[in-house]
Amino acid sequence: MIPRILSSTGREITVPGDKSLSHRSVLFSVLSKGTSHVSGFLEAEDPLNTMKAFTQLGLKVEKISKGEYVFTSPGKNSLQSPKSVLDFGNAGTGIRLSAGLLCGISGVKATLTGDHSLQKRPMSRIIKPLNSMGASISGKEDKAPLEILGKKLADFHYKSPIASAQVKSCLMLAAMASETSLEYEEDILSRDHTENMFRFLGNKLTYLSPTHFKMEPPYTFEAKEFKVPGDISSAAFFLVLGVLLKEGSVLVKNVGLNPSRIGILHALEAMGAKILVHNQRIECGEPVGDLEAVSSNLRFSEIKEEWIPSLIDEIPILTIAGLFAKGGFIIRHAEELRAKESDRISAMVENLRNLGITVHEYPDGYEIPEIGSSVYSSELSSWLSGNAVNIFTKMDHRIAMSFMIVQAVSGLKVHLDETSWIETSFPGFESLLEGFVQ
Ligand code: S3P
């Protein structure tokens with residue numbers, strides 16, 4: 001087994017605000033005429049880029065204190081065409097959700113783009129259904145930069161071939177902006193923050209099943225106060241660290257616990273992890289609580305297909321937990337991982353192999369046998385003897401952070417080619433982690 005050397009007694013931490021909710025707090029503030037107040041906003045590159053983009057359309061932003069902002073919108077019908085290209089950096093959520101909103105604002109003309117990684121990610125998943133609503137949106141080979149001319153859109157019924165909250169939210173925001181109706185179906189529920197915020201602002205959704213709903217105008221957008229809890233996707237790195245401690249526990253306070261986001265808790269618990277939930281409450285229509293991860297012995301457990309959308313962003317760090325599980329680790333039905341900030345299946349497989357670990361790659365996942373001394377290859381032995389292994393992070397924050405957790409819990413050395421991507425979602429990750437290893 002890979003050694004576990006890190007101990008920690010009763011450490012309490014907080015993690016930065018939820019990325020999904022931070023993006024949405026900007027977009028709903030843009031739709032709401034007047035002043036919205038947001039606290040806990042994630043001051044990381046991704047949501048800050050969304051905020052900055054909408055200042056170019058007329059959103060006024062006043063920073064009150066760390067994570068606390070007042071957004072004043074002229075109202076959706078008074079947004080102006082931006083003078084320059086809107087740059088969403090690394091953020092798929094930023095560009096896809098903003099594209100939906102802008103397609104529904106009559107007369108607004110905009111070009112939306114992002115960094116090298118974002119320009120490679122698939123946009124046909126939003127372009128096709130938006131075009132079917134009558135939107136004017138296009139991109140060369142269906143990739144960013146995206147050219148948009150906002151219009152009045154048509155009522156629309158969409159059965160999505162993928163469980164994607166980005167696609168769902170894009171179409172919902174298009175319908176909201178254009179005051180048209182939308183009926184939306186997906187096979188497995190993807191994160192439902194947009195639905196929750198929509199209701200929190202006083203609107204109604206009619207459910208035909210748990211994954212099939214209708215929304216109909218008139219919509220109401222009364223500027224409100226949004227409280228953003230800590231991001232479970234960021235907490236996940238320290239929950240896995242807590243579970244992999246040699247002894248002790250870690251308490252992560254104030255974490256969003258939306259049921260469509262907590263697949264990581266179900267998967268870790270099925271693997272034998274002890275994670276306690278304290279102080280559960282509802283804030284701004286979203287469940288929130290404190291999570292205590294206790295040092296545990298892990299074992300193989302199937303990661304169920306229906307959990308995949310609710311733990312899609314956590315698969316890299318869940319895999320790291322799996323390296324320490326008796327019986328190994330398998331992830332399947334996760335082809336969507338290939339369309340993230342990097343192709344996360346190939347990034348994980350390549351980097352695990354660099355560590356000397358035997359990995360079998362599938363089109364939709366990968367399999368790792370139990371790591372016992374019998375399967376140590378010569379590379380893993382040299383890694384164990386103290387040579388740093390090169391990790392290629394592929395412009396992907398979650399790949400970088402996952403391998404830094406391996407190093408922290410086992411003391412084994414990795415050398416990451418670049419770590420600046422961590423700033424897209426988790427500023428302060430490295431210093432928080434250093435606090436555990438010193
Ligand atoms: C997100 C949805 C997910 C997730 C992404 C954030 C969101 O993407 O991977 O990090 O905020 O809506 P998909 O909906 O495309 O799976």
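Visitor: What gives the most to the lining of the largest cavity?

Guide: That's helix 6, with 3 residues. Before we go on: this is a predicted model, where local features need pLDDT of at least 70 and side-chain atom pairs count only at pLDDT 80 or more, while totals for chains, interfaces and linings use all residues. Residues are numbered from 1 along each chain as its sequence is written, and side-chain values use heavy atoms, with hydrogens and water left out.

Visitor: Why is a space called a cavity and not a pocket?

Guide: On a 1 Å grid over the protein atoms alone, a cavity is a set of points where a 1.4 Å probe fits but cannot get out, whereas a pocket is an open set with protein on both sides within 12 Å along at least five of seven lines. That rule gives 3 cavities of 30 Å³ or more here. The volume of the largest cavity is about 70 Å³, a volume being the space filled by probe spheres set on points joined across faces, edges and corners.

Visitor: Which residues line the largest cavity?

Guide: Lining residues have an atom within 4 Å of a point, and for the largest cavity they are L21, N196, M197, F200, F226, K227, V228, E283, C284 and E286. Helix 6 (193–200) and strand 13 (225–227) are the elements that give two or more residues. Helices (H or I, at least four residues) and strands (E, at least two) are DSSP runs, numbered from the N terminus.

Visitor: How many residues of that lining are nonpolar, polar and charged?

Guide: The lining of the largest cavity has 6 nonpolar, 1 polar and 3 charged. Ala, Val, Leu, Ile, Met, Phe, Trp, Tyr, Cys and Pro count as nonpolar, Asp, Glu, Lys and Arg as charged, and the others, Gly among them, as polar.

Visitor: Where does the largest cavity lie, and how do you know?

Guide: Domain 1 (7–16 + 229–437) and domain 2 (19–227) both give residues to its lining, so the largest cavity lies between them. The domain bounds come from an automatic or database domain assignment. The centres of the two domains, taken over C-alpha atoms, are separated by 29 Å. Their contact (heavy atoms within 4.5 Å) takes 27 residues from domain 1 and 29 residues from domain 2.

Visitor: What about the largest pocket?

Guide: There you have about 640 Å³ of space. It is lined by 37 residues, with A163, S164, I312, E336 and K340 closest to its centre. By class, that lining has 10 nonpolar, 10 polar and 17 charged residues. Helix 1 gives its largest share, 4 residues.

Visitor: What makes you place the second largest pocket where you do?

Guide: Both domain 1 and domain 2 give residues to its lining, so the second largest pocket lies between them. Its volume is about 320 Å³. Among its 19 lining residues, V15, P16, G17, F41 and K66 lie nearest the centre.

Visitor: Now the sheets: what makes two strands a pair?

Guide: DSSP has to find at least two bridges between them. Strand 17 and strand 19 (residues 365–368) have 3 bridges, in the antiparallel sense. Strand 18 and strand 19 also pair in the antiparallel sense over 3 bridges, and these two form a hairpin with 2 residues between them.

Visitor: Why are strand 17 and strand 18 at the edges?

Guide: The open sheet of 3 strands runs in the order 17-19-18. Strand 17 (329–331) and strand 18 (360–362) each have a single partner strand, so one side of each is left without a neighbour in the sheet. The twist averages 15° from one strand to the next. Helix 11 (residues 344–354) packs on this sheet, touching strand 18 and strand 19, and its direction makes about 175° with that of strand 18. Axes are lines fitted to C-alpha atoms, for helices over the stretch in contact, and angles run from 0 to 180 degrees between N-to-C directions.

Visitor: What order do the strands of the 4-strand sheet take?

Guide: The order is 3-4-2-13, in an open sheet with mixed pairing. Strand 3 (60–65) and strand 13 each have a single partner, so they stand at the edges. Strand 2 (residues 34–39) and strand 4 (residues 68–73) pair in the antiparallel sense over 5 bridges, and V38 has Y69 in strand 4 as its bridge partner. Helix 1 packs on this sheet, touching strand 2, strand 4 and strand 13.
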